[in-house]
Amino acid sequence: MNDLDYIKQELNHYGQAHLLNFWDDLNQTQQVNLLTEIKNLNLKEVTQYFADANQSLKAANDKIDDLLEPLPAAVCGSVTRCSVQQIHDYYKLGLEKIGDNQVAVLLLAGGQGTRLGVDYPKGMYSVGLASNKTLYQLQAERILKVQQLVNKKCSVIWYIMTSEHTKQQTEKYFEANNYFGLDKENVVIFEQFLLPSMTFDGKIIKSAKDKLALSPDGNGGLYRALRDRHIFEDMEKRNIKYIHVYCVDNILVKMADPVFIGYCVSKGADCGAKVVEKAFPTEAVGVVCKVGGNYQVVEYSEITLATAEKRNDDGRLMFSAGNICNHFFTTEFLHKILEKHEPELKHHVAKKKITCIDEKGNQFMPTEPNGIKMEKFVFDVFRLCDNFAVWEVLREDEFKPLKNAEGKPKDTPSTCLHALHNLHHRYVLNAGGKFIQKNGTPIPDIPSKNCHSHSAATNSQANDCDDSVVECEISPLVSYAGEGLEKLVKGKSFVPPLLINEDRINDV
């Protein structure tokens, strides 16, 4: 039996014979490509995923309020409720683990820049900093700096999970930029797997006569990729003990954050989550909590208003731990997940408008959802953790995602640019520097009007611009989180915009 006959038999068995409907219209190259895509599918697995997904769809409207429990105080820490000495101790412990080459960072970078209106990976995006640094460059330089803070030669390995859509461009980008000063062998780029989109009656959707409608299997596809792409083997060979996992779009992310790592290690945690306090009860953010005794992230849409508004005796929201996709894992815990539990992780379902072909083979985009995409979430392993830790940080210090193009209400290039400027402005003030107007008039520490913010002017169409921003950019190679700036800025006054590079302080 040749390949084509075998595939026809398999497709018939699993009710997917329509995938070859336009076979005779394809040239030889197209036929080979289509067969390859089909052969790469595990049809038995995919159809089982769909059956499970159908159950998820039926239960989608079931509220789980009665099962929700707030996080136990014993697993929670907070940058605002810890003593300075305690935070210093966490920081010191984290640096110690980094210095022992036991820490790696893992970037979830499978998404494209579609919502930003670009056709390249989001990590290659520049929000308009004076330096024109991209998200990838900022993150690479933060790794370089945290290695320097240890005061001995060490390496923080950077694992980058891409998708079929982003891998090649990401590899070329890093090569063209000499890995931004990192050792090439310490930047490990790998690819997550793809899953087909399905119609509501279980048929695999084709996006063209010769192509299936495939999409990444979610950031929870990480676990399968770690195992099947042999990335976890690489971690074990390097004797890595702790992994800091994060998403590419957070411009304020602290790479291999020593405080977070030190906190989780000190708690003996297998698994940890960095969170921010919800801004208000109905904020559209997932919540880290317990469900039926297990740790979990519950989406805001799954909680009723009455539960979202519940408060503790101190007035704080009962379910306040906003998930920011910033996690800690031990490799021992990951080994358990990969060996025993990865197949148990359920797919989440999203109804989507999926580009497809009609009965005549013409491609079109439907105006209403015509199918589902299935994906796993990275935090789905929380429920399998025995020793969990939650570390709450300040949103304005550590979380500002880039998701939307200018003109949207939030999470745009302008809001990210302003968040970084504001953070660096505060770094300078805390180190003893001041800002003044060109005429020498002091700029208030908390400005109330435009202070030479050309970014606000150039992006005036954005709904989320903040005209009070003082433009201040500090290279990560100068300071990881505000440390070491006194020698550069203490007792000095600066006219914004200000750029503090590795070798000089510039007006820009």
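## Basis of the model

Residues are numbered from 1 along each chain as its sequence is written, and side-chain values use heavy atoms, with hydrogens and water left out. Because the model is predicted, local features need pLDDT of at least 70 and side-chain atom pairs count only at pLDDT 80 or more, whereas totals for chains, interfaces and linings use all residues.

## Helix H5

Helices (H or I, at least four residues) and strands (E, at least two) are DSSP runs, numbered from the N terminus. Of the 15 residues of H5, 14 are buried, so this helix is largely enclosed by the rest of the structure; buried means under 20% relative accessible area, exposed over 50%, and partly exposed in between (1.4 Å probe, protein chains only). H5 is followed by Asn151, which has a positive phi near 70°.

## Salt bridges

With a salt bridge taken as a side-chain nitrogen of Lys or Arg within 4 Å of a carboxyl oxygen of Asp or Glu, the count comes to 22. Lys274 pairs with Glu398, their closest N and O atoms lying 2.6 Å apart; this pair links strand E11 (residues 271-277) to helix H12 (residues 395-398) across 124 residues, and both partners are buried.

Glu283 and Arg395 also form a salt bridge, at 2.7 Å between the closest N and O atoms. Here Glu283 is buried at 10% relative accessibility, whereas Arg395 is partly exposed at 26%.

## Lys373

Lys373, in strand E18 (residues 371-375), is partly exposed at 30% relative accessibility.
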